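Please walk me through this structure, from the ligand site to the details of the backbone.

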Amino acid sequence: MGKRTIIPFGPQHPVLPEPIHLDLVLEDEVVVDVIPSIGYIHRGLEKLVEKKEYTEMVYVIERICGICSFGHGWGASASIEGAMGIEVPERAEYLRTIWHELSRIHSHLLWLGLLADGFGFESLFMHCWRIREHVLDLFEKTTGGRVIFSVCKVGGVRKDIDAATLKEISDTLNALKPEIKKLTDVFLEDASVKNRTVGVGVLTKEDAIELGAVGPVARGSGVYQDIRLTGNGAYHELGFEPMIEEAGDCYARTKVRIRELFQSIELITKAVELIPEGPIDVPVKGNVDGEFVLRLEQPRGEAYYYAKGAGTKFLERMRVRTPTNQNIPSLVKMLKGCDLADVPILVLTIDPCISCTER
Amino acid sequence: MSYVTKSPWVIHYDGSSCNGCDIEVLACLTPMYDVERFGIINTGNPKHADIFLVTGSVNEQNKAVVKQIYDQMPEPKVVVAIGICANNGGIFRECYNIMGGVDTVIPVDVYVPGCAARPEAIIDGVVKGLGVLAEKRAAMDNKSAAPAAAEPKAEENTETEGKEEA
Ligand code: SF4
């Protein structure tokens, strides 16, 4: 048995733009224990309910994370709508679904890029982010923002997308498909890339369930779980089926996300065909009185929103539980027994979003 | 841009931002905006860096980290605060765990507002930072030539630059 050494990893380090700190306990080159410590990015924004009105809270919750900002805006609006008993028009639900799936495409491309960067394939990283810019252009065209949109509001959405632009969205995405395919084939077929991912960081199905993994981490371990199955938004009309892989290693998780990329394009194409005409919002009057729980499938997994009001313009409580928070126990499990050199890849493989985790 | 005769290396630290500004900083490095063509490289090592890009505001836990990265950077150095969070706390300024902008902990030379700051604005901020860097370098050269006279003037210059941006 070798000597035990503790190596601190983070908070400022080159793999992730975000600060997370891990104490890695090593025996020679093998990680035997991991102690995560967080708090570098905690803002305490749930407490802002005391200072911001419920309509303003949507913008605060949206800024939990700049990557899944649309989903957070949707979650906040929809949980408040639920507590107020507001029915959102069908067209607004479709628009939300389209933007949400666009977020998933941009998020997964971003993640693929970071993964490539993680195993030192710099040009692949650049290509992923190059393609991602096309998706951001669509966002900019339809919402005005690249990463923070503020387009969701209590009662519906703030902007409509006209028929021509909707068509442009689906055309652009479908035209990108061959390029994305070429890119993702490198992740799935290149021998040196596979060397880094196949069989690395295996999370069994039992562990995934027991540790409460969510999103692509759970689906990569064969767990049949996706909140889009509950048919929120327009998903009930789009015929959704989750992407499942059985192996539970880094390769499986990458594959799940890559298949979801193409699935999101399908979903958007279908939504563009089916979107009904009609209003995009309903007038909102009065204050929140009551409580509501909502679940939403973010690019990183299940997010959970809770809103509670007592008849004033300020909410009593707004609580969000985010996917990365749920996946950290699985990460700790994967890291134990891995090589030190694999740590960056494994940290990346859960697609960590520390801003979400700490809020 | 005629004065871009040097290629600054940047280091990025994420205070308590929402990620929005972070990914825009990264987007600056990737093909669409591609600042690497000017030789601007994102480094992980504070001792290699000329320009410190900070996104997000500071809190009790990370202020030591921000301070320590700043202290490790060699002189002359420039701090660019990116996004309204880094400028003054932004939407989170009333949160209990936010101390305010980055300038509560380290001196900031260039402020880039926006929520999120656009890549164009970030690049602009870095280019402004190059000007400040050149001034600081000149001030250092003067200082070694004529120790007493040059110092106060140079400091005045950098301060006006910072205020203009705000
Ligand atoms: S300025 Fe806005 S986008 Fe940037 S980190 Fe702060 S909240 Fe996020």
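What follows goes from the ligand site to chain B, and then to the helices and aromatic rings of chain A. The model is a predicted one.

The ligand has residues of two chains around it. Chain A contributes Arg63(A) and Ile148(A). From chain B come Ser17(B), Cys18(B), Cys21(B), Gly83(B), Ile84(B), Cys85(B), Phe92(B), Gly114(B), Cys115(B) and Ala116(B). Because residues from both chains A and B surround the ligand, the site is shared between chains. Sorted by class, this shell holds eight nonpolar residues, three polar ones and one charged one.

Chain B has five helices and five strands. Read from the N terminus, its elements follow the order β-α-β-β-α-β-α-β-α-α. Of the 166 residues in chain B, 53% are buried.

Several backbone features of chain B fall in its loops. Asn19(B) is in the loop between strand 1 (9-14) and helix 1 (20-29) of chain B. Its phi is near 90°, a positive value in a residue other than glycine. With a relative accessibility of 1%, Asn19(B) counts as buried, since the cut-off for buried is under 20%.

Chain B also has cis peptide bonds. One of them joins Glu75(B) and Pro76(B), with omega at about -10°. Pro76(B) belongs to the loop between helix 2 (63-72) and strand 4 (78-82) of chain B. Another cis bond runs from Cys115(B) to Ala116(B), and its omega is near -5°. Both Cys115(B) and Ala116(B) are among the residues around the ligand. Ala116(B) sits in the loop between strand 5 (110-112) and helix 4 (119-145) of chain B.

Strand 5 of chain B includes Val112(B). This residue counts as buried at 3% relative accessibility. In sequence Val112(B) and Ile82(B) are 30 residues apart, yet the distance from C-alpha to C-alpha is 4.9 Å. Elsewhere in chain B, the charged end of Lys77(B) sits over the ring of Tyr70(B), at 4.2 Å from the ring centre.

In chain A, helix 11 (residues 323-335) can be checked for length. Among the buried residues are Pro323(A), Gln326(A), Asn327(A), Ile328(A), Leu331(A) and Leu335(A). Just after helix 11 of chain A comes Gly337(A), with a positive phi of about 95°.

Ser150(A) lies in the loop between helix 4 and strand 4 (152-153) of chain A.

How many aromatic pairs are there over all chains? The count comes to six, with ring centres within 6.5 Å as the condition for a pair. In one of these, the rings of Phe70(A) and Trp99(A) have centres 5.8 Å apart and planes at 45°, so the pair is tilted. This pair links distant parts of the chain, with Phe70(A) in helix 2 (residues 69-84) and Trp99(A) in helix 3 (residues 90-118) of chain A, 29 residues apart. Phe70(A) is buried at a relative accessible area of 1%, and Trp99(A) is buried at 0%.

The rings of Phe125(A) and Trp129(A) have their centres 5.6 Å apart and their planes at 70°, so this pair is edge-to-face. The two residues are four apart in helix 4 (residues 122-143) of chain A, which means that about one helical turn separates them. Both Phe125(A) and Trp129(A) are buried. The ring of Trp129(A) also has the charged end of Arg132(A) over it, 4.6 Å from its centre. Finally, ring pairs link Phe70(A), Trp74(A) and Trp99(A) into a cluster.

Technical notes
Residues are numbered from 1 along each chain as its sequence is written. Chains are lettered from A and ligands numbered from 1 in the order in which they are written. This is a predicted model: local features need pLDDT of at least 70, side-chain atom pairs count only at pLDDT 80 or more; totals for chains, interfaces and linings use all residues. Side-chain values use heavy atoms; hydrogens and water are left out. A residue is near a molecule or strand if one of its heavy atoms lies within 4 Å of it. Ala, Val, Leu, Ile, Met, Phe, Trp, Tyr, Cys and Pro count as nonpolar, Asp, Glu, Lys and Arg as charged, and the others, Gly among them, as polar. Buried means under 20% relative accessible area, exposed over 50%, partly exposed in between (1.4 Å probe, protein chains only). Rings of Phe, Tyr and Trp (its six-membered ring) pair if their centres lie within 6.5 Å; planes under 30 degrees apart count as stacked, over 60 as edge-to-face and the rest as tilted. A charge sits over a ring if NZ of Lys or CZ of Arg is within 6 Å of the ring centre and within 35 degrees of the ring normal.
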